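Here's a quick tour for anyone meeting this structure for the first time. Have a look at it, then read on.

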Amino acid sequence: MNTSPRPHERLLMDGQEMSRTLTRISHEILERNKGIEGLALVGIRTGGVFLAQRLAARIQQIEKRDVPLGELDITLYRDDLSIRKDQPEIRKTTIPFHISNLKIVLVDDVLFTGRTIRAALDGLMDLGRPAEIQLAVLVDRGHRQLPIRANYVGKSIPTAREENVQVFFEELGQDDRVSILTP
Amino acid sequence: MGLERKDLLTIAALTAEQIQLILTTAESLKEVGGRDIKKVPALRGKTVVNLFFEPSTRTRTSFELAAKRLSADVINFSPSTSSMVKGETLVDTARNIEAMQADIIVLRHPSPGAAENLARSVKSSVINAGDGWHEHPTQALLDVFTIKEKKGRISGLMVVIVGDIAHSRVARSNILALTKLGAEVRVVAPPTMIPIGLEHFGVTVFYNLDEALIGADVIIMLRLQRERLGQALLPSLREYAKLFCLTPERLKLAKQDAIVMHPGPLNRGVEISPSVADSKVAVILDQVTNGVSVRMALMYLLSGSGERSTLNE
């Protein structure tokens with residue numbers, strides 16, 4: 001696999017750092033929640049799902065128990081559906097457990113304006129009444145438009161508004177990494 | 001990715017890819033129907049008008065429920081209580097509805113082509129909920145969705161459509177959808193109910209039900225439209241039932257895992273025996289459930305069409 005970034009791509013986190021970061025976040029989740037009792041992970045499609053799966057695998061290694069894992073598609077809850085020119089594709093929400101009274105760790109790859117998380121919170125609330133919702137993100141790039149803050153942050157990265165932070169995943173046939181892409 | 005169409009008028013106008021997009025979207029939206037709170041905000045602030053010029057509880061309710069599950073406002077409009085009785089034309093009625101900022105108009109009308117005529121006259125998206133003997137595209141879409149759900153595929157399946165093919169908009173739309181998706185379609189009916197030249201649509205015509213059923217994966221029974229036909233095409237209902245009613249004995253001719261479908265309402269004992277209609281192979285109620293998901297998908301996909309400002313996030 002090609003590990004070198006493309007010419008217009010500035011590397012922020014390589015595969016090893018991503019892996020170490022996820023291990024740290026797993027420990028932080030377990031420490032904050034004192035184990036996995038009543039805990040569940042929900043990844044936001046698409047990148048958040050891969051990260052939630054990896055966090056679940058690490059938690060399983062540490063605790064020797066599986067943590068419930070769900071996948072959330074936020075398309076139907078977007079606040080720009082009626083004004084977008086390009087209509088987003090709806091994908092499946094698969095949460096194979098009742099979320100009521102659980103502590104849900106919502107997982108996403110990049111925290112930016114906060115609008116995706118707002119949509120995810122609305123989506124989750126329609127599925128039940130969790131005891132608590134926590135937020136884990138791999139990258140916080142700032143520029144928030146809503147009062148939303150993550151409980152677990154892999155890396156805070158100052159960015160310009162017009163820059164594009166992208167997370168690449170092995171699951172999609174890419175080398176694991178986080179990069180800033182400039183047009 | 002949207003449907004890139006203002007209206008859904010016929011299956012004939014859809015490509016196989018567009019049909020697949022509707023099916024995939026419906027598959028994702030089906031999950032909403034299984035929730036405690038069966039509602040998402042995707043069409044919040046949009047208005048859907050059901051304009052039904054023929055009696056239809058099932059289809060109208062399905063469209064209404066689909067729109068409501070997407071949080072749209074729904075108005076049900078029937079001609080008997082409208083200015084249509086004072087001589088207003090369909091287009092004038094629709095223009096008035098459009099002036100009330102309707103985003104989607106769902107039209108059922110006894111005249112073939114009514115939906116297309118309406119779509120040309122209004123900016124709102126128009127969904128054809130059945131126009132005379134012409135097409136019933138949403139029924140075909142929910143049928144192919146149900147087949148795909150039960151069989152895992154459409155391509156390569158043997159589908160037998162039984163009944164009044166000549167006067168059935170369901171049959172016409174289903175033949176178009178199934179052949180576009182690669183199914184092998186057989187139609188079977190008395191000769192008076194088979195239109196001339198049907199073979200050009202890529203189907204095989206049978207006049208004997210037993211022969212047609214051999215090796216079938218899917219059997220779609222059509223309702224005998226007694227209210228439309230009178231006795232013109234049939235010597236008697238009893239004879240029709242004797243020759244074309246799907247009985248447990250006849251069902252054995254199809255594949256062991258065959259499924260039986262029916263657009264409803266059923267004429268029990270005429271086109272389908274009660275024991276088949278109530279058996280596990282009948283997926284008639286699944287069709288009803290899936291109808292809501294498919295109509296949600298269409299409304300979502302059509303709502304992405306037309307002039308829209310670009311998002312400035």
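## Before we go on

This is a predicted model, where local features need pLDDT of at least 70, side-chain atom pairs count only at pLDDT 80 or more, and totals for chains, interfaces and linings use all residues. Residues are numbered from 1 along each chain as its sequence is written, chains are lettered from A and ligands numbered from 1 in the order in which they are written, and side-chain values use heavy atoms, leaving out hydrogens and water.

## Chain A as a whole

Chain A has three helices and eight strands (DSSP runs numbered from the N terminus: helices are H or I with at least four residues, strands are E with at least two).

Of the 183 residues in chain A, 51% count as buried (buried is under 20% relative accessible area, exposed over 50%, partly exposed in between, with a 1.4 Å probe and protein chains only).

## A spot on a loop: Gly142(A)

Where does Gly142(A) sit? Look in the loop between strand S5 (132–140) and strand S6 (152–156) of chain A. With a relative accessibility of 22%, Gly142(A) counts as partly exposed. Setting aside neighbours within four places in sequence, Gly142(A) is in contact with Leu111(A), Phe112(A) and Thr113(A) (contact means heavy atoms within 4.5 Å).

## Over in chain B: helix H9

Helix H9 (residues 237–244) of chain B has Tyr240(B), Ala241(B) and Phe244(B) as its buried residues. Down the axis of H9(B), these fall within an arc of 100°, so they line one face of the helix (the arc is that of the directions from the helix axis to the C-beta atoms). On the face turned away from that buried side are the exposed residues Arg238(B) and Lys242(B).

What covers the buried residues of H9(B)? The cover includes strand S5 (158–162), strand S6 (184–188) and helix H10 (248–251) of chain B.
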